[in-house]
Amino acid sequence: MFDLLFQKFDQFIKLTEEEKELCKTFFIPKKLRKRQYLLQEGDPNKYAAFTEKGLLRLYTVDDKGTEHIIQFAFEGWWIGDQYSFLTGEPSIYNIDALEDSELLLLTRQAEDEMMHKIPKLERYFRLILQNHLIATQRRLTNSLSKTAEQQYKEMQGNCPSFSNRIPQHMLASFLGITPETLSRIRTKYKVKETGNKVQGTK
Amino acid sequence: MVKGTIAILGVTEETAAMIAKKLAAGYRLLFFSIETEKMKALEKEIKKTVPNADIESMACVSDASWEADFIIVDVPADKEQEIAEKIKMFCTRKIVILLLNKHKYTTGILEKLLPDTIFVKAIVDGRHVNIVSGDEEALQVTADIMQTAGLIPGLEITY
């Protein structure tokens, strides 16, 4: 249940076996079925969620009922409304499961207590927040300055599993384009790839 | 608002069944009992009177606890150890409510084997329930659940 979490910790810090056992006592194990909500707009976001298994999305719904997907969380990723988590204010986001998922949930109080008792974890959380900030800045820059095709190509390069596991209309929402535009881009991209393979170049 | 999920372990016991019938309107319920046929009959009965009820009779007590946000336990005292061993990994930091009454006692082993849970005793006497816990938030959450179940809660904090 904690294998992937500890693998991720190991990338940045070294916990003793005792510390790992103590760490387990701070997390709430939660199984979510496909399409179940972890968070609904208007509720306070009580948990930071680590994805041991499965796939979740974080999104808003506008006045016209259109969904805007801000983030996905695959295995090994964290997800949550950071502002609501820190302040207790109602969230503007929804989080639901795109696949049956196994999560480890951390309340704010448990997070504080855990970092007090295992200070090494401060480094881990600082580093993942830094990485998250970098990724968010990049996404904003891409959104403002790159074409949809460029964004799609970059996404395919960085996260090829997106296309395999995420429905096309949700990918389109994530990229801020219509499903029809995405379909055209994917067809064009496939033709280019096939063309390159035939010519023996890539 | 996200509908909370409550696992009711030993749902075919009298008190648990009574509470389950009232909670069906407000919560997603996961039933578990070794009396499988009786459990499924209870599910069917509740779904007739509460058409939108989100209830599932589970084959695995561990899975029920894993999916649940709150866990209600109503099992004979001699089954507490068995239940505790099966759900231990899946109820860390969750509220576990042990239903008791004047005829039903606890060996204390459930609380002992689940040290990382937020443990609450709910002692039911007719329409009243005395809720005992060392955690103030758990007392309030349990009181809300019991009120939804049509019971009148009295709270007792232990230090």
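Contact here means heavy atoms within 4.5 Å. In this predicted model, 19 residues of chain B are in contact with 19 residues of chain A.

The two chains bury about 1600 Å² between them, and 47% of that area lies on carbon and sulfur atoms. On the chain B side, B:Val2, B:Trp66 and B:Arg93 lose the most area to chain A, together accounting for 45% of what that side buries.

| Item, chain B and chain A | Value |
|---|---|
| Salt bridges across the interface | 5 salt bridges |
| Polar contacts | 10 residue pairs, both at pLDDT 80 or more |
| Salt bridge of A:Lys31 and B:Asp63 | 3.2 Å, N to O |

Two elements of chain B, β2 (28-32) and α3 (61-67), each supply at least two residues of the side that touches chain A. Of the elements, α3(B) gives the most, with 3 residues. By residue type, that side of chain B divides into 9 nonpolar, 2 polar and 8 charged residues.

Chain B also holds an open sheet of 8 strands with mixed pairing, in the order β3-β2-β1-β4-β5-β6-β7-β8. Strands β3 (55-57) and β8 (152-157) of chain B stand at the edges with a single partner strand each, so one side of each has no neighbour in the sheet. From one strand to the next, the twist averages 20 degrees.

Strands of a sheet pair through backbone hydrogen bonds, either parallel or antiparallel. In chain B, β1 (residues 5-9) and β2(B) run parallel and are joined by 5 bridges. Within this pair, B:Thr5 stands opposite B:Arg28 of β2(B).

How values were computed:
Residues numbered from 1 in each chain as written. Chains lettered and ligands numbered in written order. Predicted model: local features only at pLDDT ≥ 70, side-chain atom pairs only at ≥ 80, totals over all residues. Heavy atoms only, no water. Buried area = accessible area lost by both parts, 1.4 Å probe. Salt bridge = Lys/Arg side-chain N within 4 Å of Asp/Glu carboxyl O. Polar contact = N/O pair within 3.5 Å; in protein donor to acceptor, adjacent residues only side chain to side chain. Helix = DSSP H or I, 4+ residues; strand = E, 2+ residues; numbered from the N terminus. Nonpolar A, V, L, I, M, F, W, Y, C, P; charged D, E, K, R; others polar. Pairing = 2+ DSSP bridges. Axes fitted to C-alpha atoms, helices over the stretch in contact; angles between N-to-C directions.
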